[in-house]
Amino acid sequence: QMALALRSSTSAYVANSIAGVAVVQNDLILVAYSYNATVDAAVEATDNAAGGSNTYNVAAEGNDPGAKGGHVFYAIAKATETLTITCTAKSDNGLSVHVVSGNNTALASVLDVAINGTTPNSTTHTSGNIVTTVADDYLIAFWWQEVAYPNTATENGTGFTKRTEQTGHVHHTFDRIVAATGTYNHSMTVGTAIGYGYILAAFKAAAGAVTPQRTLLGVGT
């Protein structure tokens, strides 16, 4: 079993596309996307992989407290190449991409668990809990809001590292690789008190089965 590791992370705003994303065959590609409109379940992620786009599934999606949509998509790279990753165009949009090596390499089973939700106006925000089923999961936390900007975030004692941030949008991504199964959440502190939407997802380093599905705020959370 190959250990999980973050290969790269990048973000863009205003944009629904990021170019120059270098992947190695079987890498896990994570795409966090949010925009200034109510969540649209028809929004998709695609790329320009040779022979046709890698297949992207949805880990979770929903709205922030102001009814602005956010998604986390995931795919397994079918080849070693440099990609342009594009999400369906929406207004005032921004995205972040994490590329992770050492994952399960099976799209149908790489997602362990994912949740989404919202937090009230505050400078401190803590997500709901997830319970992982496989040791050595890779956790990504995606936070977004479209009201108070600029707004920067810092990790607040839950062992995550901030990887990307767009302060005029606003969205932030954090990640963590855990060493054992257990209950995990993410907490951050921001400069301006405002409510956020969040998605917290865990991806496996070892084999296991899960049925990919869309999770909407208020449905299954």
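Tutor: Two strands pair if DSSP finds at least two bridges between them. Keep that cut-off in hand; this is a predicted model.

Student: What is the order of the open sheet of five strands?

Tutor: The order is β1-β8-β3-β6-β5, and the pairing is antiparallel. On average, neighbouring strands in this sheet are turned by 10° against each other, direction ignored.

Student: Why do β1 and β5 stand at the edges?

Tutor: β1 (5-13) and β5 (57-63) each have a single partner strand, so one side of each lacks a neighbour in the sheet.

Student: How do you know that β1 and β8 pair?

Tutor: Eight bridges join β1 to β8 (residues 94-101). The definition asks for at least two, so the two strands pair. They run antiparallel. One of the bridges sets Leu-6 against Val-100 in β8.

Student: What makes β13 and β14 a pair?

Tutor: Five bridges link β13 (residues 161-166) and β14 (residues 171-177) in the antiparallel sense. The cut-off is at least two, so they count as paired. Lys-162 stands opposite Phe-174 in β14. Four residues lie between the two strands, which form a hairpin.

Student: What makes the link between Gln-166 and Ser-11 a polar contact?

Tutor: The side chains are joined at 2.8 Å.

Methods
Residues numbered from 1 in each chain as written. Predicted model: local features only at pLDDT ≥ 70, side-chain atom pairs only at ≥ 80, totals over all residues. Heavy atoms only, no water. Axes fitted to C-alpha atoms, helices over the stretch in contact; angles between N-to-C directions. Polar contact = N/O pair within 3.5 Å; in protein donor to acceptor, adjacent residues only side chain to side chain.
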